[in-house]
Amino acid sequence: MQHSLKRRNETDSCFFLSRYRHRSSMATLNLSSLQALSSHRLCSSFPQNTPTPSFNFQLKPSINPRPISLKPYVSEKPRARVVALAVKSLGDTEALAVSPENDGPAGELPSGAGVYAVYDTNGDVQFIGLSRNIAASVAAHWKSVPELCGSVKAGVVDEPDRETLTQAWKSWMEEYIKDSGKVPPGNESGNATWVRQAPKRKPDLRLTPGRRMQLTVPLENLIDGLVKENKVVAFIKGPRSAPLCGFSQRVIAILENEGVDYESVNVLDEEYNYELRETLKKYSNWPTFPQIFVDGELVGGCDILTSMYEKGELASLFKK
Amino acid sequence: MGVTKEQVELSLKAKLNPSHLEVVDISGGCGASFVVEIVSEQFEGKRLLERHRMVNAALEEEMKQIHALSIKKAVTPEQWKQQQESNQSNPAA
């Protein structure tokens, strides 16, 4: 936009100069003996459109405001330069392929704050966004619309305050609009494809309809069916959204970080999961909670899951 | 009354005959939470889940009073040796 404004000023300036020369020529024809003086007067009087000599003399002070008006324009340049320094231009930034491997902590995408542009496999820009964590945002996009994520350009912004981030995003948007003549499809108003939707937390599973109902099947059978019908089941203390002990909290954090689809059961729910704790300890031959089952088999508790997570063994476990 | 660190050590030594054992009471001395690191030949050929079960079984009586047991390490002497060598090489790297 700065460049655009600058160009407009230049255009206007040429236009004014053209007019001035025209009038100057007329003045010369009419007042050849006062050519120099009349030229000066005409120049100063132009904004007012009053060519009479008496007014010309009075309008001399109007020369002063012009130098003052130049200062604000000059001071705007440093700001533009600051924005330019905050992030490379879109055209100068190198594109990185988007893939599940790149989404990981060892991926090439930066996890810092900044601006990013998502290209589809045809090399067309689909969306330009800003984020506090570029890698996380791109990972989220990949999960929701993988067919539109072919590669990404990322511009990290140091000292990312809100204004700087917004300025960086604007500079990339303006650059793209200038080059392509249109807005990226994902940034058009009304397009919600790229908006980060609130994560839908699964509800915890309940083993029974409630205390008032009489069980017709032994609790062991309900547990057995549950862990075999669902690929990953975590029996935890407290609800998934707010685990009540550190070990359960750790397990939920690991499962969420792995992005695995899992079920959770709150063993402290005395209304729907009563008597579950003692029954499950016998069923699994494991004395503590949380307990994690995969493919119907106990994997272990928080320690074992943490150990496998740190060794990078969970991906293969969940892919079986 | 809670379980003492010495009781935990005694039970593990009696049943698993460890070549290395470290028990830390992380509950400030009230005997409710322990962290365990244990090295034993009895873990040979067993996967992690079974090793943890062996430790749980060895502490069956104590577990009735323990609120939290964290088994940070359950390895064979050979694995323990490898880890020690790995730790020694780290500072040099």
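This is a predicted model: local features need pLDDT of at least 70, side-chain atom pairs count only at pLDDT 80 or more; totals for chains, interfaces and linings use all residues.
**Stop 1: chain A as a whole**

Start by selecting chain A and colouring it by secondary structure. Of the 320 residues in chain A, 36% count as buried. Now think about which parts of the chain touch. Among contacts in chain A with a separation of 6 or more, 62% join residues 24 or more positions apart.

**Stop 2: a sheet in chain A**

Next, select strands β5, β6, β7 and β8 of chain A. They form an open sheet of 4 strands in the order β6-β5-β7-β8, and the pairing is mixed. Which strands sit at the edges? They are β6 (263-266) and β8 (297-300) of chain A, each of which pairs on one side only.

Zoom in on β5 (residues 232-236) and β6 of chain A, which pair in the parallel sense over 4 bridges. To pick out a pair of residues, select A:F235 and find A:V265 in β6(A) standing opposite.

**Stop 3: where chain A meets chain B**

Now show both chains and select helix α11 (residues 302-310) of chain A together with helix α2 (residues 48-58) of chain B. Their axes come within 10 Å and cross at roughly 150°. How are the two helices oriented to each other? An angle over 145° counts as roughly antiparallel, so α11(A) and α2(B) are roughly antiparallel to each other. The crossing of these helices is right-handed.

Show the side chains next. From α11(A), select A:D303, A:I304 and A:S307; they meet B:L48, B:L49 and B:H52 in α2(B). The residues of this contact divide into 3 nonpolar, 2 polar and 1 charged.

**Stop 4**

Finally, show the residues that make the contact:

- from α1(B), select B:S11, B:L12, B:K15 and B:L16;
- from α2(B), select B:M54, B:V55, B:A57 and B:A58.

Colour them by type, and you will find 6 nonpolar, 1 polar and 1 charged in the contact of α1(B) with α2(B).

Terms used. Residues are numbered from 1 along each chain as its sequence is written. Chains are lettered from A and ligands numbered from 1 in the order in which they are written. Side-chain values use heavy atoms; hydrogens and water are left out. Axes are lines fitted to C-alpha atoms, for helices over the stretch in contact, and angles run from 0 to 180 degrees between N-to-C directions. Angles under 35 degrees count as roughly parallel, over 145 as roughly antiparallel, 65 to 115 as roughly perpendicular and the rest as oblique. A crossing is left-handed if the near helix is turned anticlockwise from the far one by less than a right angle, and right-handed if clockwise. Contact means heavy atoms within 4.5 Å. Ala, Val, Leu, Ile, Met, Phe, Trp, Tyr, Cys and Pro count as nonpolar, Asp, Glu, Lys and Arg as charged, and the others, Gly among them, as polar. Two strands pair if DSSP finds at least two bridges between them. Buried means under 20% relative accessible area, exposed over 50%, partly exposed in between (1.4 Å probe, protein chains only).
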